[in-house]
Amino acid sequence: MKSAAFTRFSLLLLWVLIVIILMYSNMGRPSVWSPLFSFSNHGLARVEPLSNHSITTIYAITPTYSRPVQKAELTRLANTFRQLQHFHWILVEDSPFRSRLVSELLASSGIASYTHLHVQTPQADKGPWKSRGTEQRNEGLRWIRMNSTLRHSGVIFFADDDNTYSLQLFQEFD
């Protein structure tokens, strides 16, 4: 019994040492994945490899829908986003038309570059166990594909309107 426990402990200790050695050996070097992708909980992904001579545009795609707290949540996002340079906000409403509330909010937000889109989620795709915002995110991606040029590098950031984001997240791309 003691022999089996000692063997397991020794193996665990060996793996911990291997991980520590690998961590120290890679300090100061970029990760294997960092030049290609930059992941976060909200789907940050590079559109094109960055170079030191190019300007990185941050495209934030925000799906939204009409509800009592919508204006407050979009105002909070706008207050963060208007402090960013080289930023384009793509706000996509789950609606058959662009709402006046969102249009006016964007116009008075102080954000220099934005796009206001709309696409309604089909009724068959709505429900408690269905994912929300899929149609809107896809519409934002479609807009980027049709309107951005490959000469400019950029990142796509899926920014939900009910979340709060720190400016430090975006400073890596300036």
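A: A salt bridge here is a side-chain nitrogen of Lys or Arg within 4 Å of a carboxyl oxygen of Asp or Glu. Side chains of opposite charge can pair when their charged atoms come close. The model is a predicted one, and five salt bridges are found in it.

Asp161 and Arg67 form one of these bridges through their side chains, with an N to O distance of 2.7 Å. Asp161 belongs to the loop between strand 5 (153-158) and helix 5 (167-171), while Arg67 belongs to the loop between strand 2 (56-64) and helix 2 (70-81), so the bridge ties together parts that are 94 residues apart in sequence. Both partners fall under the 20% limit for buried residues: Asp161 is buried at a relative accessible area of 5%, and Arg67 is buried at 17%.

A second bridge joins the side chains of Asp160 and Arg137, again given as 2.7 Å from N to O. Here Asp160 sits in the loop between strand 5 and helix 5 and Arg137 sits in helix 4 (residues 134-147), so this pair ties together parts that are 23 residues apart in sequence. Through shared partners, salt bridges also link Arg67, Glu73 and Asp161 into one network.

Arg100 and Glu104 make a further bridge, and their closest N and O atoms are 2.7 Å apart. These two residues lie four residues apart in helix 3 (residues 100-107), a separation of about one helical turn. Arg100 is exposed, with 66% relative accessible area, whereas Glu104 is partly exposed at 43%.

Some of the elements named above also take part in the nonpolar packing. The largest nonpolar core has 20 residues, and those touching the most other members are Ala60, Phe81, Phe87, Trp89 and Phe170. At least two residues of this core come from each of strand 2, helix 2, strand 3 (87-93), helix 3 and strand 5. Helix 2 gives the largest share, four residues.

Ala60 shows who meets whom in this region. Apart from neighbours within four places in sequence, Ala60 is in contact with Phe81, Phe87, His88, Trp89, Ile90, Phe157 and Ala159. There is also a second, separate core of ten residues, with Ile61, Val92, Leu117 and Phe158 among them.

How values were computed. Residues are numbered from 1 along each chain as its sequence is written. This is a predicted model: local features need pLDDT of at least 70, side-chain atom pairs count only at pLDDT 80 or more; totals for chains, interfaces and linings use all residues. Side-chain values use heavy atoms; hydrogens and water are left out. Buried means under 20% relative accessible area, exposed over 50%, partly exposed in between (1.4 Å probe, protein chains only). A nonpolar core is a set of buried Ala, Val, Leu, Ile, Met, Phe, Trp, Tyr and Cys residues joined through side-chain atoms within 4.5 Å. Contact means heavy atoms within 4.5 Å.
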